[in-house]
Structure formats: structure tokens, C-alpha cells
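Morning, everyone. Let me put the structure up, and then I'll walk through it.

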Amino acid sequence: MKQGKYLAVFLVLITIITAGCSNNNAKNTAVQTNQTPKETKAAPNSEPAQSQASGTSAKEAPMLVSLVSAGTLPPLEERLPEKPDVMVEPVVDEIGRYGGKWTMAWTGPGDKWAVGQPTEEALFRFNKDGSGIEPNVAKSYEVNENSTEFTIHLRKGMKWSDGVPFTADDVLFYWEHMLTKETFGKKIYDAYYSVDPVSGDKALATVTKVDDYTFKVVHKYPSVQFLERVAIDNKWFFAPAHFHKTILPEFVGEAKALEIAKQWGFEDTTSFLKETGYYYWLYPQIPTLRPWVAKNDPNGDQFIMERNPYYWKTDADGKQLPYMDQLVATKIQDPSQRLLGTLAGDFNLSTFGAQDFTVLKENEKKGDFRVIPWQQPAWSTSGIQLNQTVADPNLRKLFQDIRFREALSVGVNRSEIAEIVTNGIADPIQASVPEGLVGYQDGWADQWAAFDPDRANALLDELGLTKRDKNQFRLFEDGKDVTITIMDSSQDNAKFTELLKKYYEDMGIKTNVKIVDQATLQELKYSNQVPASIENISVVNVAFRPDTLVPLRVLTPWYGQYGLFVSTGGKEGVKPEGDVAKILEYWDQIKAAKTTEEINSLSTEIVKLHMKNQWIIGYAGPTPTLVVASNKMANVPQNMIWADEFRSLGAAHPAQFFLKG
Amino acid sequence: MLQYTLKRILLAVPVVIFISVIVFYIIQLPPGDYVSNYAAEMSVAGEVFTQEDMAAMRADLGLDRPVFEQYLIWVRDIVVHGDFGFSFNYNKPVMAVIQQYMGLTLTVSLVTMAFQYLVAIPVGIYCAVKQYSAGDYFFSGLSFLGMATPHFLLAVILMFLSYTWFGDPLLGLFSAEYVNAAWSMDKAMDLAKHMVIPVIVIGLSGTADLIRVMRGQMLDELNKPNVVTARAKGLSERKILLKYPTRAALNPIVSTFGWSLTSIFTGSTITAIVLNLPIQGPVMFNALLGQDMYLAGTWLLFMALLTVLGTLISDILLAWLDPKIRTEFRGT
Amino acid sequence: MKPMTVFGRQKPANLEPEGRKDVNYSSQWRLMVLRFKKHKLARISLAVLALLYVCALLAQFLAPYSLESYDSKYVNAPPMKLRFVDADGKFHIRPFVYELQSTRDPDTMRKIFASNPEKRYALKFFVKGERYKFLGVIPTSTHLIGVEQPGRIFLLGTDALGRDMFSRILLGSQVSLSIPLVGVGISFILGLIIGGVSGYFGGWMDSVIQRIIEIIRSFPTLPLWMALSAAIPPRIPVVRMYFYIVIIFAFIEWTGLARVVRGKFISLKNEDYVVAAKIAGVGDAKIIAKHLLPGLISYLVVATTLAIPGMILAETAMSFLGLGIRAPATSWGVLLQEAQQIENIALYPWKIIPLATVIITVLTFNFLGDGLRDAADPYKR
Amino acid sequence: MTTQTAHAQQPLLRVQDLKIRIRLDNGVMQAVDGVDFEIRQGQTLGLVGESGCGKSLTSRALIGINPKECETTGDITFMSPSESGKPVELLSLNPNGRQIRAIRGRRIAMIFQEPMTAFSPMYTIGNQIMEAILLHRTKNKKEAKKIALEMLSKVGISDQEKRFDQYPHEFSGGMRQRAMISMALSCNPELLIADEPTTALDVTIQAQVLELMKELQQEFGMAILLVTHDLGIIAEMCDEVAVMYLGKIVEQAPVKELFANPKHPYTKGLLKSMPRLGGDRSRRLDSIEGSVPVPIDMPPMCGFYDRCKDRIDGVCNRMAVPATRIADNHTVRCFLYSEPGEANSHVQAHP
């Protein structure tokens with residue numbers, strides 16, 4: 001259960017992406033399978049022969065066979081891309097069999113990503129260990145020497161789920177008529193801008209069609225991480241032009257668009273276009289490239305996605321994926337229902353937080369499922385972020401003082417926290433980059449990690465907090481009380497906040513815990529009213545996703561108004577100083593960096609500043625996310641990383657999950 | 001009678017208008033709005049909303065206008081177009097959302113209600129006739145227990161017991177395979193199976209109250225001279241019981257029926273959340289939580305209307321049931 | 001002669017030992033007490049409630065541990081057996097518990113507890129423990145029961161933070177038993193004043209008040225709770241939070257009492273003696289104080305008693321929805337909210353024990369209310 | 001006084017040693033303690049006494065409609081002429097059984113003091129009158145209604161068709177009592193028990209109702225047991241009268257005899273407290289001092305002892321008083337008329 005072992009599978013997270021990477025897909029996947037021999041070894045060898053036997057006969061699902069023979073669906077060869085362009089998905093354990101449903105719980109359309117991530121098909125996706133990207137919807141790509149020109153090849157004969165061919169026009173359409181016009185409510189992603197290292201000038205890329213199956217993205221300045229950023233920011237760089245032409249105001253006119261929106265039940269075109277353009281996988285009318293496509297209204301009690309007959313991936317045997325016929329998401333109203341449903345076998349593959357570990361493990365046999373822990377790239381599971389720009393001047397001075405942070409760190413017994421809060425699963429360590437990720441620093445996990453209340457009190461005295469009130473709480477020199485108010489939006493952390501309060505108050509620091517709902521918390525963050533937060537940092541690589549470690553926006557508590565300053569270009573907020581300013585400098589350099597090495601070393605510098613300052617104090621190490629799969633559900637990989645960047649469960653390539661008979 | 005009804009309805013109008021104002025105000029009361037809720041929810045999934053994004057969204061949804069303006073627009077649309085607004089959360093007109101849940105809500109409510117009345121009335125009569133018997137103590141005790149146990153806990157415990165004993169926690173109202181299936185005998189049976197826990201949980205507490213009222217009323221009525229008169233006429237005890245005390249004791253119970261109107265249309269919210277019942281209660285709760293204001297507002301308004309209507313129905317029922325009031329109306 | 005009604009507790013009027021001819025204020029109360037004494041269940045309930053309230057008052061003293069006695073060694077420990085006979089079959093006068101040893105199942109990470117018969121800790125009275133203020137005033141560290149350090153005694157097991165459930169239930173009763181009282185108290189005053197004004201003066205004041213009550217009652221309580229608890233400003237201490245919750249309860253509850261008061265006022269003010277007093281030129285205040293309130297107070301006591309269980313349950317419901325008091329402050333609602341997690345029901349069923357105390361309290365209040373009602377109103381049920 | 005019919009001397013109902021005990025929280029109350037009397041066909045027996053003396057309980061015990069808390073013992077023998085005088089032991093019948101129910105309402109009917117509460121407010125007068133008719137006389141609703149309308153007209157209610165469909169609250173008090181009488185008589189009972197039939201009515205209405213009862217008695221030839229506290233009504237209506245005090249009949253005699261020659265101190269007191277037409281208006285009405293004791297765990301003694309002006313200390317408060325026959329049809333229960341030694345000699349109350 002110790003994080004180190006699992007994260008050790010990261011050899012180097014950011015592999016160098018060179019022009020040599022533009023090999024074709026078959027080769028790429030072959031490499032991929034070689035890279036993960038461990039998984040095949042770990043495979044349960046139950047009835048492989050049987051599934052093999054049933055597997056060899058048919059290359060497509062029985063439900064499609066009957067449609068083909070009825071003449072309502074073209075034969076398989078016509079539905080798949082041309083033979084060399086078919087994507088062969090590496091199979092985790094064994095060749096599967098067709099049929100069955102993936103049953104899961106979701107909380108309704110608001111939980112769109114619960115079905116969105118596992119079914120997502122990105123142009124480029126992260127490879128299985130997260131060390132780099134690999135082509136997915138794209139067949140292959142070439143990039144020039146200084147990373148300014150990316151030529152991307154698509155798959156010939158590939159089709160949308162309604163049978164219409166998928167071509168470079170769909171990419172161009174998305175770029176020209178949707179993304180750059182911001183029709184679906186998102187700004188043009190940062191990935192499409194390149195930055196001049198000297199002047200800091202930002203330039204938008206150009207996208208041009210080369211032929212039906214090739215397009216080119218040209219940046220003004222080098223953009224080394226372009227493909228990774230696209231894989232994170234803009235997973236899908238395409239849209240079904242034939243569909244969107246029928247609804248976009250640009251093509252049908254405002255009035256008609258509104259009319260169509262109303263027909264769909266929407267009130268206005270803005271939200272209509274946002275939903276259809278961005279959250280398209282929830283709508284049965286919209287063709288997608290996903291293994292399963294929406295079948296009914298997501299607002300119902302059960303959302304059904306059914307296999308895409310034109311899905312463009314096969315297994316190693318040439319059997320068209322996905323194996324399972326349907327993905328059925330049942331609406332739940334309370335998290336306990338996911339647990340109870342899983343125990344009862346109602347849901348055959350769901351994910352849980354580590355807090356449910358014991359109850360799940362205890363019921364593994366009875367419920368006929370297995371618990372597969374996926375490691376998270378989190379710095380900690382229990383920790384505190386002190387708002388460096390907190391409104392109260394006394395507090396701000398205090399929070400910015402490194403001695404205060406050290407006092408708060410050593411004044412808490414991490415073993416107790418790890419035992420009680422994480423049920424002994426996490427290590428009692430400092431918030432730090434887990435081993436195996438970019439920026440890992442040896443010994444950081446132990447920095448200020450030993451429980452030493454005397455040192456903590458000495459530090460606090462040293463800070464001048466020697467006055468005490470009648471309850472023995474410390475006071476500022478001016479007699480005002482020192483109170484840390486921790487804001488949180490969930491009751492799930494009650495155990496931790498209770499303990500934290502106890503330890504802090506033992507040091508004489510009065511501590512309040514205020515639970516507000518998420519929206520309020522968000523509002524409070526924007527208005528700089530969150531003095532402290534127990535949010536955790538979980539990020540694979542600061543260069544991919546800087547916003548929690550680099551003050552670029554507002555929502556991360558530790559940097560508070562620094563982020564506002566940066567995001568408003570200095571109009572509002574607090575001007576970053578000292579090490580925070582340095583982080584921003586490094587970030588600017590990353591944006592304009594020419595090589596991956598350069599980016600990695602700059603990223604490491606940013607992380608080192610975090611280590612030095614420990615703005616984010618951690619009291620317990622990361623815990624895994626638990627993937628709980630029915631024992632019937634096969635091909636669910638182990639030793640994976642659970643990260644939003646890797647699309648969480650999507651990293652397991654659910655199209656090749658199957659149900660044993 | 002008609003005049004009275006009209007007068008009552010007329011009196012209700014200002015109340016409802018006033019309520020609609022308060023409703024709107026109350027929805028606005030918690031900090032944040034739908035957009036910030038939405039942004040917060042999406043940020044959990046890794047989607048980031050900047051303040052500009054949120055401002056743009058607010059402008060789209062008309063949430064950037066002053067509250068009273070939003071209110072006036074809302075009311076204008078209701079009055080002029082019969083349009084109750086739009087549910088941001090469902091991306092559907094409010095009425096469509098309400099309709100979606102109405103069928104099952106009514107099913108659950110009416111079944112639990114039928115259970116309550118069918119159980120409580122005979123048991124109440126029994127407990128009154130056999131006052132202080134073992135049966136009286138048993139039923140009174142049971143109903144008190146049902147009333148004293150918090151619903152949510154009872155529901156969870158029953159669900160868990162159902163899981164440990166039968167391997168099925170009976171979540172929701174249908175098994176997965178029947179949720180979207182067409183109605184059939186099997187589906188109905190499945191529904192019946194899933195109704196057991198909600199009926200027990202919601203029904204038990206309501207039954208407790210009803211039994212108490214019925215028992216008390218019956219005890220009153222059983223002591224009335226008209227029972228003695230009936231007995232002196234030579235009527236059998238059963239006939240006496242049914243014709244005189246029961247009929248009279250039912251009066252207050254039937255006439256308070258109107259008060260249950262709101263609960264019929266919402267269902268029990270907390271129990272429904274715990275048991276994952278697809279009925280109005282939780283939908284509205286989430287609308288309130290997520291500040292899906294037109295949905296929440298319409299619903300609250302609807303509830304207020306139902307309460308006013310329920311009072312009216314109660315009064316009319318009372319008049320209709322009580323010959324004395326009835327003849328007074330006939331006279332005027 | 002009136003038809004005799006000799007059912008149940010009721011006795012024929014003419015057999016009443018205290019003649020009804022001179023019903024005065026005090027004899028009405030005496031009658032009530034007499035009748036109440038006859039109601040066995042109500043008497044038992046009163047005793048149980050008295051016990052509960054005494055326990056709540058002395059909770060810090062009775063509880064072996066405080067609310068902040070976290071201990072990672074004893075997380076989710078089951079209730080301990082209080083023993084008299086040790087492993088060797090030897091009988092001890094003083095009950096004792098064995099030392100609790102915990103290990104973790106390496107596979108499921110569940111804490112496994114075993115008692116160590118080698119080490120006995122005898123139950124002691126008046127032991128020194130954590131410091132607290134007796135009755136909120138006198139600082140002391142004596143607890144009624146306990147075992148010697150480093151032994152632990154968990155009569156009802158522990159929670160997920162290793163805190164003694166027995167202590168938490170006791171200490172939680174302070175909130176759970178007082179919120180309803182204070183809440184009802186406030187709504188009692190509000191209801192009495194507003195309902196009284198409405199009923200006594202009538203006219204336009206009555207209409208306005210009735211409309212307001214109607215409007216408040218028209219609201220589903222849930223959104224009202226939500227809105228009101230959302231209106232509670234952030235970063236307030238638990239005590240204030242608690243106070244606000246009381247106010248919320250009272251705000252919803254007073255309308256019911258106001259209705260009762262109004263109804264009674266209307267019926268009483270037309271009584272001959274009140275009319276007579278009015279004609280005689282007695283002032284309104286005096287009429288209300290001398291003639292109306294005495295006739296009303298017993299009804300109010302009953303209505304109030306019967307309103308309390310509803311508030312106790314409401315408090316648990318609020319905690320369930322996350323609108324109530326939060327740990328480390330403890331109420332029964334908080335405990336039940338913890339208990340309702342599937343994990344706890346499945347693995348640590350002793351966490352449901354607080355449910356029993358809630359049920360007992362609600363039942364006893366109901367029985368007490370019934371008894372009081374019968375006593376206050378013997379001729380009408 | 002009513003005209004004696006040919007079969008007037010035939011006994012219709014005989015009550016012997018009727019005792020009613022009621023269990024209370026604080027003991028057992030001896031509400032009726034050894035009552036004996038007899039009613040002959042066509043005769044009117046008055047049962048008089050103050051509130052709580054047990055007269056109502058006694059009257060209701062005859063048809064077994066007292067609440068089940070009342071423990072009733074003794075013999076009640078009913079000899080219905082329509083069954084050719086075959087005696088039926090009413091107390092031995094199942095109180096809810098078919099046999100007693102066939103007698104209730106049919107052979108023995110009853111009217112009550114409060115016609116308002118005795119009728120259910122929920123049903124029309126017609127409905128409630130027809131109920132007994134449908135039960136005892138005919139199953140045909142039309143016919144039943146006809147009978148009911150007839151009865152209504154007999155009791156002097158005009159516009160019966162309309163009245164039939166009205167509710168009790170739409171009737172005036174007198175009308176309601178008329179309706180009650182029509183309901184009681186609708187099945188031609190042989191005995192009518194009238195429990196304070198006029199107490200709740202205005203004086204003028206009282207007279208009308210009493211007159212009506214007399215007329216109807218003549219027409220139907222039934223016997224009446226008239227329970228009242230009003231000696232005036234007794235004087236007007238009854239052939240014979242029994243005075244009850246504290247669960248016992250203290251004196252029983254034909255009306256003329258009793259009024260002319262009251263023996264028991266209580267009877268005397270009662271008579272004195274009665275205003276007389278043409279009497280001396282300046283004379284204050286006498287009242288009986290003191291109040292009725294509660295008959296719970298009473299020692300054997302005269303119940304009237306405390307209030308009696310002529311009490312014999314050491315006798316009246318030491319032993320139970322036997323009934324003494326002082327004339328052929330006059331019995332009295334007082335030591336003034338019997339020797340204490342005769343205490344145990346039983347005397348039949350009937351002549």
C-alpha cells in the first residue's frame with residue numbers, strides 16, 4: 001500500500017518527444033505492450049481458452065451481425081477504417097468476448113465526466129504509464145526540428161458513429177467554425193498559442209488542411225509541449241461537421257438556430273451550443289467517435305450508451321471493439337448508493353476513494369468483486385494551504401513567515417493523522433512530489449515531518465505570539481487573536497479537520513472550521529475570503545497543468561490573490577513577490593522553452609521552490625483511488641495512475657473491458 | 001358554497017403572490033448562484049471556470065440582472081406565456097422536468113398514502129375498541145416507534161438488511177433492467193418489490209400519527225349517546241361501530257386530507273434521497289442546493305399554491321362531510 | 001343525570017372527590033397533578049426524561065472521556081464487556097475490563113481488536129481524567145467512572161476517531177436535549193404573544209397575523225431550513241451556530257403554537273366570566289393575565305411537550321442534510337449522521353446505538369405529552 | 001292516570017335483586033344495589049331519584065346497553081305478550097347477541113334525555129328512524145319509509161316528507177324529542193323506557209311531549225318505565241312509582257298512595273322540595289341538606305343516614321336496611337318502619 005512502489009513504474013514521466021516518434025501506430029502499440037509485461041503476468045489465468053475459442057469466430061458483436069444480415073448496417077469491413085489504419089488496441093489480459101453491460105452509478109448529467117472520461121477518444125492520448133502521448137484518433141504525426149510545425153495524419157476510411165466519413169474537414173471545421181469562434185463557451189485553449197521567449201508575444205497557431213486525411217498545425221514560436229497540451233486541454237480536436245452545420249447559427253441563421261435549440265428543449269442558443277459542442281457525448285443525436293454512443297436522454301433515471309457500430313479499433317485478433325454492448329449509468333442521489341450497489345453487484349465497475357477501502361475489501365468475496373488500487377499523483381491526502389495573500393494583515397505576515405508554516409507542520413502528529421484519517425493507508429509524510437514524477441526530491445517527504453510540539457511552540461514564541469488569552473490561545477502582539485479559519489466544502493474531511501483543530505489549538509492557535517457548499521467556497525475564493533484550505537494538490541507534471549502550483553488563476557487557495565494579479569494582468573489582486581514571483585518567471589520560461597529537457601529542469605525548479613517554502617503543508621501521503629471491478633469484468637489493468645490528465649479510468653481503455661460468461 | 005369557494009380563492013391570490021416574492025427571495029438568499037454552483041461542480045471534474053467565463057454565463061442566463069428584475073421577468077412569463085422558466089441543470093423547461101418526475105412521485109405518494117390510511121384507520125378503530133388491550137399496546141407501540149425513528153436511518157438500515165438477507169438493497173424504484181423498459185407485469189412486480197422499503201419508512205411515521213388521531217377520535221365517538229341509542233335500537237355492534245363512531249371519527253381525518261396535498265406531490269425528500277427514489281423531493285432539493293432558481297422557484301410556488309389549495313380543499317371537505325356546515329351553506 | 005361515561009381513565013363527573021363546584025385556579029392544577037399521577041406511562045416517561053436531563057447536565061462528569069479524546073489505537077473499537085469473572089474463573093466484586101489490543105488486518109486494513117486477559121483494569125469511581133468544568137463552573141478532573149491509565153473503557157465502543165461512544169452520546173445529549181427546549185421556549189413566547197394578540201384583539205390584526213402564519217406554514221420546511229442555515233454567516237463558532245439553529249427551529253415552530261393560543265383565546269374571551277369582567281371595565285392586560293392565561297396555560301404546556309419530539313427529530317434531519325451542528329461539537333443528530341454511513345452499519349454496528357437514545361427520548365416526550373393532555377383536559381380527548 | 005286495559009295486570013317485566021357494580025381506579029362502586037320491581041302490561045312505572053342514584057343505569061340495564069365496565073347481576077325477566085308471556089331472562093342473554101337485539105328496539109324501546117346527542121349528527125332523521133324499522137319490521141325500504149313517515153305524523157310532526165330528509169340540527173328540541181319518540185315507537189314496542197324524556201326541554205314543550213306519550217301509550221297499549229327526577233311528571237304520568245336513592249329503591253307505591261302517604265324521610269323530603277300549584281308562594285321550598293355520598297366501599301348502613309332528620313344513631317349507620325311492606329302495595333326501606341331485628345327478612349317489592 002505504500003505509494004513509492006507503484007509510482008516506481010514511472011521511469012521518466014516526460015519522455016522526449018522527437019521527430020522519431022512519428023512511427024505508425026501498429027509499431028507504437030507494439031512497443032506499448034512490451035513496456036508493460038508486468039500486467040500480462042499479473043493476469044488471472046481463468047478460462048483463457050474458452051474466451052479465446054469464442055473470440056476467434058466472430059469479428060463483431062452479435063447484435064451488429066443481425067443488423068448487418070438485416071441489411072440495415074453495412075458489413076464490418078466497410079465500417080472499419082482501411083485495414084492498415086485500423087487501430088489495434090493492446091489487450092490487457094486476454095482477448096475478450098462480446099456482450100454484456102457495463103453498469104455504473106452516476107449522479108446525473110452533472111456527472112457527465114463519469115461517462116465522458118472512460119469513453120473519451122482524443123486525438124492524442126497519454127500512453128498507459130503516462131510517460132508521454134501516443135496517437136489515438138490521429139494515426140501518426142510529424143513535427144519539425146524546432147517544434148513549430150506539426151503534421152498530423154488521420155485514419156483513412158474512419159467513420160463517425162452515424163457512418164459519415166471522418167476527415168481532415170472535420171478538424172478544420174472544428175477549428176474554423178467552433179473553437180476559434182468560441183461557439184461552445186470555451187476560450188481558445190492555451191495549447192494553441194505559442195510564446196516568444198524574448199518579447200513574451202503570444203501567437204495563435206494556424207491550422208491547414210493538407211489532404212482529406214492530413215492537416216497541419218503551424219506555430220509562430222516553438223511549442224515543444226503542443227501535443228501534450230492538446231491531449232490535456234483539448235482532448236478532441238475535431239467535430240462532426242455534417243452535424244454541426246445543421247445547428248450552428250453561422251450556417252442556419254440565428255433565428256433557425258434558436259428554433260432548433262427550442263426543439264431540443266433548450267431555452268437559448270448559447271447553452272444549446274455549449275452542450276452540443278462540448279458535452280456532445282450526452283446527446284444521442286450527435287455522432288461521435290467513441291466506443292459507446294448515447295442512446296437516451298441523460299436526464300432520466302438511467303443513461304444508456306450503446307456500442308458504436310463504426311468504432312474504429314479492434315483487438316489483436318481483429319475483433320471490433322468495444323466488447324461490451326452497453327454502458328448503463330444509473331442515477332444515484334447519495335454516494336452510499338454507489339457503495340451499496342457495488343456490494344450488491346448492481347454496478348460491475350465503479351471507482352471509490354480510499355475511505356471505502358475496508359468495507360470494500362471485507363466484502364470482496366461476498367460481492368464477487370476485486371479492489372484494484374490506482375495510485376494518485378497527489379502530494380498529500382491531508383494537508384493545509386495557507387492563503388499567502390489573506391486579507392488580514394497580521395495573518396498575512398504570519399502566513400508568509402516560513403517559521404509559522406514549519407510550526408504548523410511539526411506541531412501535528414502525522415502518524416495519528418495517517419492512522420485515523422486514511423485508516424493507515426497513507427504514509428505519515430510531508431506534502432511532496434511522489435517518487436517517479438518530475439520534480440521528485442529525495443528527502444522532501446520527511447521535511448518537517450517529525451512530530452515535535454516543543455519545536456512548534458518555540459517557533460511560535462519566536463514569532464512573537466507569546467501573549468495568550470484566557471483560554472490560552474495565542475494573541476498577536478497588538479492583542480488581536482490568532483485564528484486560522486479553514487474553509488472546506490465537504491463533510492468528508494471532518495475527521496481530518498477535527499484532528500487538525502485539536503493539534504493547532506494544542507499549540508495555542510485558535511482554529512475554526514467552516515463548511516460551506518462548493519459554490520460558496522468558489523465565491524469566497526474569488527473574494528479572497530478563504531484564509532486556509534485543506535485542498536490537496538494532485539498533478540502529474542507542473543508543465544502540463546501549472547495552475548495549482550503556479551499562481552495563474554484564483555482557485556488554488558495557497559496563492560490567493562497573486563493569481564488574480566496574474567490573470568487580470570496586474571489590474572487586481574496582489575503583486576507576487578519573492579519566491580512566488582520566481583515561480584512565475586520560471587513558468588514564463590517554460591512556455592517559451594525549446595526542448596523537453598529545458599522544460600523538465602524548469603519544472604523541477606518550480607517544484608524546488610515549493611519544497612523550500614512548503615506553502616502546501618501535508619500531513620499524510622497520497623492514497624489510491626480504488627477501481628472496483630466485478631470478478632466477471634476482465635481486462636481491467638492494475639498498477640495504473642489515476643489522474644485527470646490521463647482521463648482517470650479512461651487510461652484503462654475501457655473499450656477492451658469484457659464480461660466473462 | 002360556490003360563493004364561499006370563490007371568496008376563498010380570491011383571498012388566496014395575495015397570499016400566493018406574496019409567497020412567490022418570498023420564494024424568489026429565499027432562493028437568492030444563500031451566497032452564490034447557479035453559475036458558481038455549476039462552476040464549482042465542474043471544477044471537481046477538472047474543468048476550470050474563470051471569472052470571465054462565469055460572468056459570460058451569467059449574462060447568458062440573465063442572472064446578471066437585479067433580483068427584482070429577474071423576478072418580474074419570471075412572473076411576466078408565467079402570466080403571459082404560461083412559461084415557468086428554464087431549468088439550468090436539466091437544460092429543459094421547468095415544466096418538462098416537473099412532468100418527468102410526476103408519474104412516479106404520485107405513484108409512490110399515493111401507494112404510501114393508501115397504505116397509511118388502510119392500515120391506520122382499521123388499527124385506530126381496533127385500538128379504540130380494544131383500548132388498553134395487548135393489541136392496542138402493540139400497535140400503538142409500533143406506530144410510536146415508526147414515528148420516533150429518524151427516516152433516513154430507518155431507510156438505510158432497512159436497505160442494508162435487505163442487502164444482507166436478500167442480496168439486494170432495493171435501491172431506487174426499479175431494478176436496472178426495468179428502468180427504461182416498457183410497462184409489463186414483471187415491471188410492475190419489480191416496482192412493487194422496490195416499494196416495500198419506502199412504504200414502510202414513509203408510511204410508518206404517517207401511520208403513527210393517523211392511528212393516534214383515529215384512536216382518539218374513536219374513543220370520543222364511542223362515548224357518545226348516539227351509540228347508546230343505536231344499541232337500544234337493536235343494531236349489531238359491528239353495524240353500530242361502522243355507522244356511527246367510525247363515520248364521525250373519519251371526519252377530521254378525511255378533512256385534513258387536503259393538507260397532505262403538498263406531500264403527495266413532493267414525496268418524502270430525505271427518504272427519497274437515501275433510497276434513491278426518482279421523485280420530485282430530491283429533484284427539488286438539488287434544485288435548491290444548486291440554485292437552479294426557476295425550477296426551485298416554480299416548485300416552491302407550486303407547493304405554496306398546493307398548500308393554499310389544500311386548505312381550501314380541507315375546508316370544503318369538512319363542509320361536505322359535516323351536515324351541519326353543509327346545510328348552513330345550503331341556506332345561504 | 002348525564003349519561004355516565006366510565007371508560008378508561010375517565011370517571012363519572014359526579015364521583016369526583018374534589019367537587020367541581022369551586023373550580024379555582026389552584027384546584028385545577030391540583031386536579032391536573034392528580035390525573036397525571038394516574039397515567040402510569042406518563043409517570044415513567046417523566047422519570048426517564050428527568051434521568052436523561054440530569055445525565056445531560058452532568059454529562060462531563062458522567063462521561064469517562066471528552067469529545068476530543070482521539071486515539072488512533074482505538075479506532076472503531078467494539079463495545080467492551082464489563083466482566084466480573086476473569087479468565088481463570090475467579091470472581092471479582094469490582095467489575096473490570098480487559099486491556100484492548102489492536103492490530104490491523106494487512107489485507108483489508110481493518111482494525112482488529114482483541115482483549116488481553118493478562119491485563120485487567122477494574123472499573124473505578126471518581127477517577128481523575130481529562131479536565132473540565134463541572135456544571136460549566138467548577139474546574140475539576142474527576143469523572144464518575146473510568147479505569148486507570150493506560151487502560152481504556154469503551155462501554156459502547158468507539159467511533160472512527162477512537163472517541164468513546166458512550167461519552168459522545170452523553171455529551172451529545174446536552175445539545176440534543178436542550179436545543180428543543182430552548183427552541184420550543186422561544187416559539188412558546190412568540191406563539192403566546194402573537195397568537196394571543198391575534199385571538200384577543202381580533203379584527204384586522206388577526207387577519208394580518210393569520211395571513212402571515214398561513215404564509216409561513218405554506219412553505220415546505222426544507223427550503224426554509226436551507227435558506228435560513230445558508231443565511232448563517234460563515235466563521236462563527238459552534239456555540240453561535242447552535243444558537244442560530246435554535247432560532248431556525250423556533251421560527252418555524254411558533255406558528256403552530258400561535259394557532260393553538262389564538263383558538264383558545266377566541267373561545268375563552270366569549271366565556272361569561274370574561275365578558276363580565278370586560279363589562280365591569282377591567283383592563284385588557286388584567287383580563288389576559290387573570291382570566292385568560294390561567295385557562296390556557298395547561299394547553300400550552302401540553303402543546304409544548306408534544307412539539308419537543310418533533311424538534312429532536314428535526315435536529316437529526318438537519319444534521320443528515322449537513323445543515324446542523326458539526327463535529328467535534330456533538331449532538332445525537334451528528335452521531336446518527338455518522339451512523340447512517342453504509343460502512344458503519346456494515347462493519348461497526350454499535351454506532352447505531354445513539355438511535356436508541358433518540359427513540360427513547362422521542363417516545364417519552366410523546367407519552368409525557370399524552371399524559372399531560374389527558375390530565376389537563378379530562379373531558380375531552 | 002292511564003286507563004287500565006284488560007290485560008293490565010299481566011306482568012311484563014320483573015326485576016329482581018339487580019346489582020350494578022362499576023370498577024374504578026379507586027375501588028368498586030356499587031351503583032345499583034339490589035333493585036326489585038315489576039312492570040305490568042300497559043302500566044307506567046315511574047323511577048324517581050336525584051342525579052347519580054342509579055336510576056338511569058337501572059333502566060339501561062334492562063336492555064343490556066350499559067357500558068361493559070358495568071358488572072350487572074340479578075334477574076331481569078321479560079314476559080312478552082307476543083310470545084304469549086313466555087319469560088326470557090334478559091341478563092342471561094349475550095349482551096350483543098341476536099336474541100337480545102331482537103328485543104331491543106322491537107319489544108323494548110328507549111328514548112333518551114338529550115335528543116340532540118342521542119341522534120347522530122351525521123345522518124338524516126329519516127335514516128335513523130328507518131334503521132330500526134328495517135331491522136325489525138320490514139326489509140323493504142319503501143315500506144319502511146312509509147312507516148317512518150306515518151310515525152312522524154303520529155308524533156305531530158307536520159311536513160314529514162321534508163322533515164324526513166333533515167338532519168337533527170335542523171330540528172328544534174321538542175321536535176327532536178318527538179322524532180325520538182317516533183323512532184322508539186316505530187316498532188310497536190311492548191315496553192318503552194323513557195330516560196328523562198323531557199328534562200332537556202322547555203316547560204311548554206315538556207307538557208306537549210308528555211301528553212303525546214300518554215296518547216301514544218293508549219294507542220299502542222305499551223308499558224312505560226319513566227325515569228325522571230321530577231315528581232311532577234311522575235304525578236302526571238305514572239300508575240306506580242319507585243323512589244331510588246343511592247342505588248336502592250327506598251320506597252315504592254302507587255302514585256296516589258305515595259303522594260298521599262309518603263313514608264321514607266327521603267321521599268318526604270323530595271315531596272317537600274316540590275313546588276305546588278296554588279301553594280303558598282311565600283313558603284320557601286324545602287331542600288334536603290347535604291349531598292349524596294359516593295357508594296364506594298360503603299359499610300352496610302342506610303345511605304340516607306347523613307342527611308336524614310329522623311335517623312337513629314347506632315341503628316341506621318350500623319346495618320343494611322331491609323325493605324318493609326307497610327301496606328299491600330307500599331314498601332319502604334327504613335328502620336322507622338321495621339325492627340332492626342327483622343333486618344334480614346326479605347320482602348318482595350310487588351304487592
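I'll take chain D, then chain C, then chain A.

Ground rules. This is a predicted model: local features need pLDDT of at least 70, side-chain atom pairs count only at pLDDT 80 or more, and totals for chains, interfaces and linings use all residues. Residues are numbered from 1 along each chain as its sequence is written, with chains lettered from A and ligands numbered from 1 in the order in which they are written.

Chain D. It splits into domain 1 (1-107 + 189-275 + 287-296) and domain 2 (118-188); the bounds come from an automatic or database domain assignment. The centres of these two domains, over C-alpha atoms, are 25 Å apart. Each domain puts 14 residues into the contact, meaning C-beta atoms, placed from the backbone, within 7 Å. On the domain 1 side, helix 8 (residues 203-220) gives the largest share, seven residues. Helices (H or I, at least four residues) and strands (E, at least two) are DSSP runs, numbered from the N terminus.

Chain C. Why call helix 12 largely enclosed? Because 19 of its 24 residues are buried, that is, 20 or more other C-beta atoms lie within 10 Å of a residue's own, all placed from the backbone.

Chain A. Three strands make an open antiparallel sheet, in the order 15-24-16. Strand 15 (349-352) and strand 16 (369-374) are the edges, each pairing on one side only. Pairing takes at least two DSSP bridges. Strands 15 and 24 (residues 625-630) of chain A share four. In strand 24, A:Leu626 is the bridge partner of A:Phe352.

Note on methods
Two residues are in contact if their C-beta atoms, placed from the backbone, lie within 7 Å. A residue is buried if 20 or more other C-beta atoms lie within 10 Å of its own, exposed if 12 or fewer, and partly exposed in between; C-beta atoms are placed from the backbone.
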